[in-house]
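Dear colleague,

I am passing on the model we spoke about, together with some notes on what I found when going through it. Please read the notes with the structure open beside them.

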Amino acid sequence: MQRWKNFPHIPKHIHISPRLFLAAGLVALFVAIPLVYIFFRAFTGGTEVWMRLLQTRIWKLLANTILLTIAVTSGAALVGVSMAFLTERTNLPGRQLFRWMLALPLAIPAYIGGIVHLTLLRPRGGVIPQLLENWFGQPVPTPSPLGFWGAAFILTLFTYPYVYLLSAAAFRSLNASLEEASRTFGRNSWHTLWEVTLPALRPGLMAGALLVALDILAEYGTVALLRYETFSSAIFVQLSGRYDRSAASVLSGILITIAIIILWGELRLQGQARYTQLDSQWRPSVPLPLNRWKIPALLLVLLVASASLLVPVFVLGYWSITALLDPETLSSIMRSGSQNFGNYVWNSLWSSALAAFAAVVLSLPVALLSVRYPSKLSKAISRFSQIGYAIPGVVVALSLVLLVNQFLPFLYATPLIVVMAYVLRHMPQAIRASESALNQLSPSMEEASRTLGRTSLQTIFQVILPLILPGLMAGAALVFLTSLKELPATLLLRPAGFDTLAVRVWIWAEEGFYTQAAPAALLLVLASAWPLYFLLRREKIFK
Amino acid sequence: MQVIRKLFILLIAVLVLSACGAPSVTEPASPVGTEAPVVTEEAAVTEVPAAVVEGDLVIYSGRSEQLIQPVLDAFQAKYPNVKILLKSGQNSALANALIEEQSNPQSDVFITTEIFTVQSMYQQGIFQSYRPAAADVLPAEFIGPENSWVGITRRARVIMYNTELVSAEEAPKSIFELTDPKWKGQIAAAGSTNGGMQAQIAAMSQLLGEVDTQEWLVGLMANEVTFFGGHTDVRKAVGAGEFKIGLVNHYYYYLELAEGSPVGIVFPDQGEGEIGLITNATAAGIVKGAKNTPAAQAFIDFLLSTEGQKLFAELNYEYPLVPGVALHPEVQALDGYRLAEVNVAEAALNIDETLNLIETIGLP
Amino acid sequence: MNALELHHVSKKFPSANTPAVNDISLTLRTGEILALVGPSGCGKTTTLRLVAGLERPDSGSLHIKGQLVADDRHFTPPEKRGVGMVFQDHALFPHLTVFENVKFGLKGQPSAKARETAASMLKLVGLENFGERYPHQLSGGERQRVALARALAPHPVLVLMDEPFSSLDADLRHEVREQVRGILKAMSATAVFVTHDQEEALFMGDRLAVFKNGHLEQVGLPEEIFHDSATRFVAEFMGDSDFLPGIVQNDGIQTELGLIPQKLNVPANTSVEIALRADDVDFDQSNHPNALVLARFFRGAYYQYRLRLASGKLIHAFKPHTKTISPGTSVHAFISAGHKVTVFQDGVAVEDGNAASRPNSTRS
């Protein structure tokens with residue numbers, strides 16, 4: 001996904017600015033406090049809570065969570081890689097269109113996709129089972145979207161684009177000469193695929209798969225909707241159900257530990273995933289002719305694109321129209337308390353935009369320190385500031401509720417606490433984007449500015465910032481997109497009268513009012529599609 | 001001035017009506033309330049002119065938004081200077097927020113779908129005392145200790161069934177029949193995160209003891225009951241024939257019936273030796289440290305006014321608690337039924353045990 | 001006053017085992033161009049960066065125009081040193097036009113004056129019509145000249161150039177370096193120039209400083225460096241010399257190619273090496289062959305022959321085109337230097353028997 005360009009190692013120690021160091025340290029501290037606090041709460045939670053949870057819940061939750069994570073990650077890897085293969089390496093008709101259709105499901109929060117599929121597939125009541133029953137005159141058994149398989153199916157549908165994008169980029173950057181070399185050694189194209197192409201894909205694939213895995217660990221809406229209990233949803237229930245926070249803290253501590261293990265693995269692999277750069281010698285590989293497989297391949301891609309994009313958007317559109325045409329439904333959509341639809345839209349937009357801005361600003365000192373003054377310490381600060389990846393929204397919310405209410409009560413019950421949660425949770429995306437942008441900027445730019453009479457601070461504003469702005473915008477777009485979709489932390493932290501689109505969708509959908517939920521859901525999808533479009537345009541497969 | 005005069009007339013009308021319509025109430029004043037150390041204001045004093053009540057009114061509501069919004073709108077129409085900020089969620093989630101915010105209160109009014117949560121909040125010292133005028137006519141069990149909360153409407157836990165799939169004779173007459181294998185896979189209910197369901201479990205724990213309640217719940221699970229997030233899903237599923245039977249609050253049956261679905265209702269457990277119909281009430285209290293107490297009081301008054309009670313009765317098919325407010329014509333009155341008797345204070349104290357029970361058996 | 005003085009400057013990077021710059025002392029007179037030359041990794045670029053203030057020395061001191069800019073306690077940041085720098089990759093700001101790039105360093109001057117200076121600098125480098133373009137719209141040579149104009153515009157005390165021509169094609173490089181030298185001389189600029197190309201160093205530098213492994217091998221005029229190398233390394237790096245072993249005798253040096261009648265300040269029987277360039281060696285086809293022609297290379301104006309001596313040692317010789325000798329021919333090689341050859345003992349030049357010192361060069 002990132003195009004990294006590493007400059008030959010030039011020692012870059014002008015003089016580590018203590019101010020920069022301090023700023024980066026403060027950012028790391030800001031991120032660290034909630035984490036440390038949760039761990040503290042988890043391990044001082046009292047043996048009684050631990051015993052109760054160990055005896056009853058933990059093992060089942062652990063099994064549930066790990067099973068779902070493994071199932072979705074493998075499913076997403078399978079779907080993502082095969083779709084990438086079909087659009088990048090074969091002569092599939094309509095590839096350019098399918099690329100977009102296969103990437104855009106990232107704009108659809110999984111819980112919204114879940115709502116649509118639940119309505120379509122629910123046994124005996126869903127649209128499809130009913131159609132089948134009318135058709136055959138008797139109930140036809142259909143797979144249920146509820147429970148483990150349903151959750152795995154739906155989450156796969158809405159997370160495979162991570163793998164798709166990374167492996168499509170990897171397929172694309174494979175130099176034709178690599179495959180040609182294999183062919184000259186007597187391998188046919190099928191063997192070449194297995195022995196050369198797919199292994200070269202591994203780093204990108206692993207990076208994508210790990211993104212999916214972290215996403216699943218943090219997922220709340222979908223699993224709650226589909227009645228499959230994981231750590232995240234159990235924490236949510238504990239958090240909202242009990243007057244004692246110890247159990248939630250204990251579960252959070254375990255969940256963070258699992259996530260950190262996954263993150264650690266991801267960081268170890270990340271180094272290898274970088275080198276997907278096109279050099280000047282690059283030539284695209286010749287697409288494999290599909291021949292008689294053309295129709296089945298086309299149907300397969302169409303099936304995936306339909307299930308993950310076309311059907312949800314169509315259904316949401318249909319419901320939205322229904323809702324807008326019915327005055328009673330319309331009026332119930334338009335208002336909650338004294339707030340109206342415009343308020344939700346505005347709340348969603350400004351909180352996500354502020355979070356994007358804040359995350360990018362906070363990411364700068366960390367990225368500058370780690371890219372320009374590489375050392376064990378600066379790398380550690382950068383890694384640590386990215387820990388938010390591993391902390392699910394529910395846990396971020398829990399720690400903020402506990403911390404802010406105790407130490408910053410004036411911030412509590414303001415929308416700013418919601419923004420703070422977004423920043424904490426999505427900071428890694430901003431840091432990675434900023435680091436990648438800085439990595440592509442030759443250090444000599446800054447040095448030239450210094451020798452031309454600018455101080456380090458002036459250099460940041462007059463040279464570095466203007467030059468890395470596109471990269472920062474990409475980071476901001478990513479944070480904006482994910483904040484817009486964020487559900488559990490918003491649900492738990494929102495002050496009264498501060499409902500976002502995601503919250504409205506959830507409140508209506510949880511009660512079973514899908515038609516009411518549809519306009520907000522559709523708007524949320526459209527609002528997410530816009531930054532996503534901007535991000536995808538930066539990817540070479542969409543150029 | 002016009003508005004104020006109208007309001008005044010309305011107020012008098014309410015008082016007269018409620019006085020006439022509540023002959024059976026033997027204890028007009030709450031015996032608990034008199035011991036309260038806090039000042040109990042008289043309704044007439046607090047009924048300030050609508051135009052004077054103003055500012056943000058923060059309501060934490062555990063009620064389904066569809067069911068409360070019309071009432072909020074009516075209140076809004078009456079008090080145009082009040083801006084209602086609503087935070088909807090599960091009773092327990094909002095209760096948690098209230099506890100969290102105890103030193104830094106953010107809300108004015110808390111509305112729940114059952115009494116145990118408000119009682120529990122009273123025990124945590126969350127509420128301030130307020131005795132609305134209508135409290136004099138409310139049944140005593142629906143006034144919280146120290147006037148901390150008041151009941152608003154009553155609801156019964158009933159069995160609804162799809163009349164195309166189940167005949168009236170066949171339909172289960174007791175909630176304990178729901179564990180009968182003949183209904184295996186045919187029953188829908190709300191899940192353990194639903195306040196109504198939690199309250200039912202809490203009530204049963206008190207009535208039957210934990211062992212029997214657990215047995216019943218395990219029986220439901222063994223019978224492959226499908227648990228939904230809320231009752232709307234349940235009623236729609238039964239109405240559509242996805243499930244033969246649903247366990248719901250009574251008004252969900254009427255809401256489904258109003259949509260033209262073939263559904264029937266059973267008020268269960270009326271037989272000799274059976275536990276009786278489990279009922280509960282929506283309730284509301286004013287939060288201690290509320291930033292807009294006048295608006296909160298006006299709001300509680302409105303909920304208990306004839307207008308407010310009528311809205312609940314007519315739009316939502318709920319049982320008004322204020323005597324004299326007519327039921328929705330289609331709603332079956334509770335008069336003839338034997339109701340299960342639950343000690344609210346005790347049930348509220350045992351809420352954690354209820355949650356432990358849910359957790360232990362892994363109720364979805 | 002010297003434009004630049006370095007006293008015992010050392011710098012070691014944390015990641016490296018050996019110092020990048022080890023105890024360097026240098027002076028540079030105003031108006032002079034000093035070329036720092038050496039193989040990659042020899043410390044020449046680090047020295048330049050230390051002068052620029054882009055690195056901080058571990059020990060030693062730096063003075064620019066007599067002012068202390070760095071020592072153990074003081075460190076003047078680059079923006080306060082008044083130096084101009086031309087970078088290897090030119091480092092033109094892609095978000096600014098050519099004109100804005102040149103004007104970038106003129107901050108603090110009145111706007112009109114800055115514009116005038118920038119315009120005159122662009123004119124000096126022959127790019128007066130390119131001001132509105134962006135760097136990516138320029139050719140490599142044009143970019144090079146913009147970088148120079150930008151560095152020169154603030155009239156720096158010192159111009160620092162880090163391999164400025166390495167990104168250019170060979171023909172362009174020759175053209176541009178001539179232009180650049182002309183511009184620097186026209187402005188009477190004092191400059192430090194880093195290159196790994198000995199030919200470029202000889203062309204550009206008024207004086208040369210040859211680096212090896214972080215320390216200075218020799219500083220001197222181009223002629224001295226070329227003809228009077230202080231060390232075997234300098235002779236090898238700067239002059240493509242071959243080395244022939246010899247033994248010092250009373251009347252000269254005995255080598256495989258006969259006795260060289262050159263007296264040295266060392267005792268007899270000392271083992272030495274003499275540096276031989278291709279133009280110091282000649283051969284004929286006389287009766288006493290002592291070498292075999294291995295290969296012949298066409299070098300334009302002359303042929304270069306590779307000879308293998310009986311001992312297996314390889315040496316090279318130039319010959320005009322007048323006669324062509326095929327590889328495989330046995331020949332008689334001899335020294336035809338016409339000047340004194342440079343002799344090294346243990347890698348260091350040995351002084352002549354009658355010479356006292358070399359006035360213009362230092363040895364490390």
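Which domains does the domain assignment give for chain B? Chain B is divided into domain 1, made of residues 2-154 together with 281-335, and domain 2, made of residues 155-278 together with 348-361. Please keep in mind throughout that this is a predicted model, for which the predictor gives the complex an ipTM of 0.79 and a pTM of 0.81.

Staying with chain B, the contact between the two domains takes 21 residues from domain 1 and 14 residues from domain 2. On the domain 1 side, helix 5 (115-123) and strand 5 (149-162) of chain B each supply at least two residues, and helix 5 of chain B gives the most, with five residues. By class, this side of domain 1 of chain B has five nonpolar, 12 polar and four charged residues.

Chain A also has a two-part assignment, with domain 1 covering 17-56 and 337-498, and domain 2 covering 60-326. The C-alpha centres of these two domains of chain A lie 26 Å apart, and 25 residues of domain 1 of chain A are in contact with 25 residues of domain 2 of chain A. The elements that give two or more residues to the domain 1 side are helix 1 (18-43), helix 2 (47-56), helix 17 (393-407) and helix 21 (488-493) of chain A, and among these helix 1 of chain A gives the most, with six residues. The residues on this side of domain 1 of chain A divide by class into 19 nonpolar, three polar and three charged.

One residue of helix 1 of chain A deserves a separate look, namely A:Ile38. Is A:Ile38 buried or exposed? A:Ile38 is buried, because 24 other C-beta atoms lie within 10 Å, and the cut-off for a buried residue is 20 or more. Leaving aside residues up to four places away in sequence, A:Ile38 touches A:Ser249, A:Ser252, A:Gly253, A:Ile256, A:Val395, A:Leu398 and A:Ser399. A:Val250 is 212 residues from A:Ile38 in sequence, while in space the two are 8.2 Å apart, C-alpha to C-alpha.

Turning to the contacts between chains, 41 residues of chain B are in contact with 30 residues of chain A. On the chain B side, two or more residues come from each of strand 1 (55-61), helix 3 (65-78), strand 2 (82-88), helix 4 (91-100), helix 8 (231-239) and helix 13 (351-361) of chain B, with the largest share, six residues, coming from strand 2 of chain B. By class, the side of chain B that touches chain A has 14 nonpolar, 17 polar and 10 charged residues.

The contact between chain A and chain C takes 18 residues from chain A and 22 residues from chain C. Helix 19 (443-451) and helix 20 (456-485) of chain A each supply at least two residues of the chain A side, and the largest share, six residues, comes from helix 19 of chain A. The chain A side that touches chain C divides into eight nonpolar, seven polar and three charged residues.

Chain C itself has eight helices and 22 strands, and its C-alpha atoms fill a box of roughly 80 × 50 × 35 Å along the principal axes. Of the 364 residues of chain C, 42% count as buried. Among contacts in chain C with a separation of 6 or more, 65% are between residues 24 or more positions apart.

An open sheet of six strands in chain C has the order 13-12-11-14-20-21, with antiparallel pairing. Strand 13 (258-260) and strand 21 (348-349) of chain C stand at the edges, each with a single partner strand, so one side of each is left without a neighbour in the sheet. Strand 12 (residues 252-255) of chain C is joined to strand 13 of chain C by three bridges, and C:Thr255 stands opposite C:Gly258 in strand 13 of chain C.

Lastly, on confidence, the mean pLDDT of chain C is 87, and 97% of its residues reach 70 or more. Among the elements of chain C, strand 3 (residues 33-37) has the highest mean pLDDT (94) and strand 22 (residues 362-363) the lowest (42). Over residues 355-364 of chain C the pLDDT is below 50, although this stretch has 16 contacts in the model beyond near neighbours in sequence. Where pLDDT is low, the predicted coordinates should not be read in detail.

With best regards

Note on methods
Residues numbered from 1 in each chain as written. Chains lettered and ligands numbered in written order. Predicted model: local features only at pLDDT ≥ 70, side-chain atom pairs only at ≥ 80, totals over all residues. Helix = DSSP H or I, 4+ residues; strand = E, 2+ residues; numbered from the N terminus. Buried ≥ 20, exposed ≤ 12 C-beta atoms within 10 Å, placed from the backbone. Contact = placed C-beta atoms within 7 Å. Nonpolar A, V, L, I, M, F, W, Y, C, P; charged D, E, K, R; others polar. Domains from an automatic or database assignment. Pairing = 2+ DSSP bridges. pLDDT = per-residue confidence, 0-100.
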